[in-house]
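Student: Can you walk me through this one? I would like to start with the contacts and then move on.
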There are 2 protein chains.
Amino acid sequence: MSAPEAQRSAPLRALRPSAKVLPEHARGHNRSLVLQNLYSGGLQSRADLARETGLTRVTISDLVSELIADGLVVETGQREEGRPGKPAILLDINRGGYRIIGIDLSDTGVFRGAVLDIDGGIVTRMEAETDGAEGDEVAHLAVQLVRDLVAAADLPILGIGIGSPGIVDLGGRVLSAPNLGWSDLALQSMVETATGLPVIVANDANAAALAEHSFGGAVGDFMLIRVGRGVGAGLILGGTPVFGSRFAAGELGHVVVGTDGGDLCVCGKHGCLETWLSVPRLRAGLAAAPDAAARDEVLRRAGERLGIALAPVVGALNLDEVVISGPVELLDGPLTQAAIETFRARTMAEFHGDLTVRMSDLGQDIVMRGAAAMVLSGRLGVS
Amino acid sequence: MSAPEAQRSAPLRALRPSAKVLPEHARGHNRSLVLQNLYSGGLQSRADLARETGLTRVTISDLVSELIADGLVVETGQREEGRPGKPAILLDINRGGYRIIGIDLSDTGVFRGAVLDIDGGIVTRMEAETDGAEGDEVAHLAVQLVRDLVAAADLPILGIGIGSPGIVDLGGRVLSAPNLGWSDLALQSMVETATGLPVIVANDANAAALAEHSFGGAVGDFMLIRVGRGVGAGLILGGTPVFGSRFAAGELGHVVVGTDGGDLCVCGKHGCLETWLSVPRLRAGLAAAPDAAARDEVLRRAGERLGIALAPVVGALNLDEVVISGPVELLDGPLTQAAIETFRARTMAEFHGDLTVRMSDLGQDIVMRGAAAMVLSGRLGVS
DNA sequence: CATGTTTGTTAGTAAAGCGTACGAACAAAC
DNA sequence: GTTTGTTCGTACGCTTTACTAACAAACATG
């Protein structure tokens with residue numbers, strides 16, 4: 001396959017320019033700009049792209065011919081419009097030309113994977129039970145799942161994205177993932193050598209946030225709260241994921257919430273967010289509740305705690321949106337409602353009143369699709 | 001196949017390229033790169049710069065000659081070293097060639113301003129009592145202060161930086177500053193037309209954070225908490241200030257902290273961070289305390305609240321550092337100590353244990369110097 | 001003094017994007 | 001049917017940018 005060139009365009013930051021920028025980097029940026037317009041804007045002609053991007057028709061023609069030669073863009077026929085002038089030749093991303101592998105390692109007991117198309121649609125699913133395996137054993141299980149998916153793909157593969165639990169650095173090393181018994185595991189290079197394909201690994205909550213950004217309705221600055229066995233968060237500010245200085249951004253599960261104690265957590269503290277909000281705790285609370293009103297109260301209390309934890313974060317960051325991902329039957333309804341009310345009671349409407357808090361629509365596939373979004377972003381500069 | 005390239009490419013590059021990049025933009029970036037190296041690295045030769053930046057000696061020579069023509073860089077003589085080869089001609093930023101005007105509008109009853117040198121040192125101070133004036137009147141007072149400082153400058157002025165209280169948008173409009181009676185005031189363009197010089201306006205806490213970044217010891221991702229009449233914060237992630245979707249990032253003062261009530265705040269809620277931590281409240285609490293132990297307790301309680309508010313923010317962002325700015329006699333000591341202890345008790349050491357919390361060393365001039373840093377960053381790309 | 005090193009500059013080349021100009025293809029007006 | 005005006009995509013030449021290659025100047029060392 002004529003592999004698309006890796007994009008290495010440097011972000012032009014305002015502060016502390018730390019690396020030189022050459023014209024070819026600008027070229028890569030403009031390539032991504034064209035791809036982005038085609039990806040999100042659908043069918044467009046070269047002239048449309050020129051108007052949209054501000055580049056000249058000549059430059060667009062040059063870029064497009066390069067992208068067509070790389071197999072990333074295709075001509076899809078003429079525009080059917082009764083307009084005067086020469087009819088436009090419509091272009092589109094070669095949506096039927098590539099596949100992406102997306103992997104979700106965050107669930108308990110099972111690894112989930114899929115072959116996805118360029119639009120993040122799922123073509124083929126696969127799963128692998130982990131049966132409580134740990135360490136290298138379970139790592140090989142993950143690699144095998146990737147191998148199976150690669151073999152199942154019907155088209156050239158653009159890349160492999162993996163959402164892993166735990167702390168993941170920028171080079172795709174899982175520094176720490178207690179649930180899987182991993183510490184300092186070079187997952188990215190493992191999978192790369194096993195497949196010969198480009199691989200991107202990130203924390204599952206970060207991947208989920210990217211999914212919401214690319215395929216969900218998230219606009220602007222937002223945080224995605226992922227509620228499962230534990231509680232984690234992914235943050236996207238100005239279109240860019242936030243990883244944190246030690247790659248531990250979003251590790252909210254073991255932050256104590258409130259000043260009135262709380263249940264004992266596995267970490268030894270009392271009142272961690274997880275003790276209120278994790279799925280096992282919620283289910284246990286619901287099971288112990290005698291009637292519907294009591295069950296409602298369990299959910300409302302969890303929502304309150306979420307609202308309490310959100311208030312300082314939203315205050316510090318002035319977010320547009322908070323998206324919650326996890327079991328709908330638990331999270332959607334009283335819990336989310338209570339979170340919103342609590343948040344509103346604890347912040348100033350003038351500053352943060354327009355924050356929206358809602359459930360994600362992406363369901364269980366969110367991490368796999370986020371992993372695919374990582375590939376699209378990393379390889380094509382598209383989201 | 002270029003797949004291996006992707007391994008080294010940034011895992012998740014900047015998303016959504018939204019504007020074209022031309023070679024001239026890259027040129028500007030490289031100009032800033034040279035300036036940054038000279039600014040922070042001191043005297044260097046052209047060859048040194050070439051080695052440091054990765055650009056060739058030829059390109060560096062070209063950039064430097066342009067910068068010298070612009071008066072931004074000067075040759076300062078030959079290097080005195082017993083090395084073989086042609087002796088190097090040392091270069092430096094033209095530190096004695098320009099001044100910067102820095103303005104602090106955040107204090108109660110007085111506007112502070114200064115003429116500063118390129119290194120952020122204060123050359124001339126000026127103040128203007130506001131005498132409780134509001135709206136346009138006090139705006140003209142600010143403009144007059146700027147005019148006086150411009151007249152007092154002994155060298156060409158690189159630009160004017162202004163740290164204002166309230167919400168400031170990216171175009172230098174003060175959207176809301178209740179203390180000064182401002183709403184939607186186009187402060188930047190006002191001062192620009194009054195002086196004919198480049199002006200940058202930002203929120204005072206953001207300016208202070210930039211000061212700590214440029215002239216203080218802050219490294220990496222950090223938040224600056226500014227305690228005065230109210231409480232505000234400035235945030236710098238990856239070397240870039242965070243402004244928030246409605247330019248209200250850092251507005252932490254009216255976030256409720258804790259779940260055990262608290263004093264009534266001017267905003268109508270109970271237990272806002274300001275009710276514990278603002279300077280007036282702290283002073284009142286100290287005055288009402290019967291003895292030293294009670295005064296200590298007042299400070300410790302305020303510190304606890306700060307720690308409670310910090311925990312979720314640091315958890316979400318995985319910061320390196322939190323810097324506190326304000327009256328030393330109140331903040332340094334039991335208050336900061338209690339904040340650290342509370343924070344540690346509420347987060348997981350594994351993720352956030354290496355966070356440092358400390359007082360700023362920049363004292364009362366922090367906003368003025370931050371305003372100067374804004375000019376350096378905006379005009380030269382230097383910090 | 002010859003030799004090797006380092007510095008900074010000159011000359012020529014490749015890449016990227018721009019402006020201008022032009023042929024092709026179409027709709028609308030006559 | 002012809003003319004006119006519009007739009008699309010491309011060819012050509014120019015400017016900007018940074019690179020490679022080569023070289024003179026200035027110094028230390030043997």
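Tutor: First a term: a polar contact is a pair of N or O atoms within 3.5 Å; within protein, one must be able to donate a hydrogen and the other to accept it, and residues adjacent in sequence count only if both atoms are side-chain atoms. This is a predicted model, where local features need pLDDT of at least 70, side-chain atom pairs count only at pLDDT 80 or more, and totals for chains, interfaces and linings use all residues. Residues are numbered from 1 along each chain as its sequence is written, chains are lettered from A and ligands numbered from 1 in the order in which they are written, and side-chain values use heavy atoms, with hydrogens and water left out.

Student: How far is the polar side-chain atom of A:Asn30 from a phosphate oxygen of DNA strand C?
Tutor: The distance is 2.6 Å. For A:Arg27 the corresponding value is 2.4 Å, and for B:Arg51 it is 3.1 Å.

Student: New topic: in what sense do β8 and β9 of chain B pair?
Tutor: Antiparallel, over three bridges; pairing requires at least two bridges found by DSSP. B:Ala177 has B:Trp182 as its bridge partner.

Conventions:
Helices (H or I, at least four residues) and strands (E, at least two) are DSSP runs, numbered from the N terminus.
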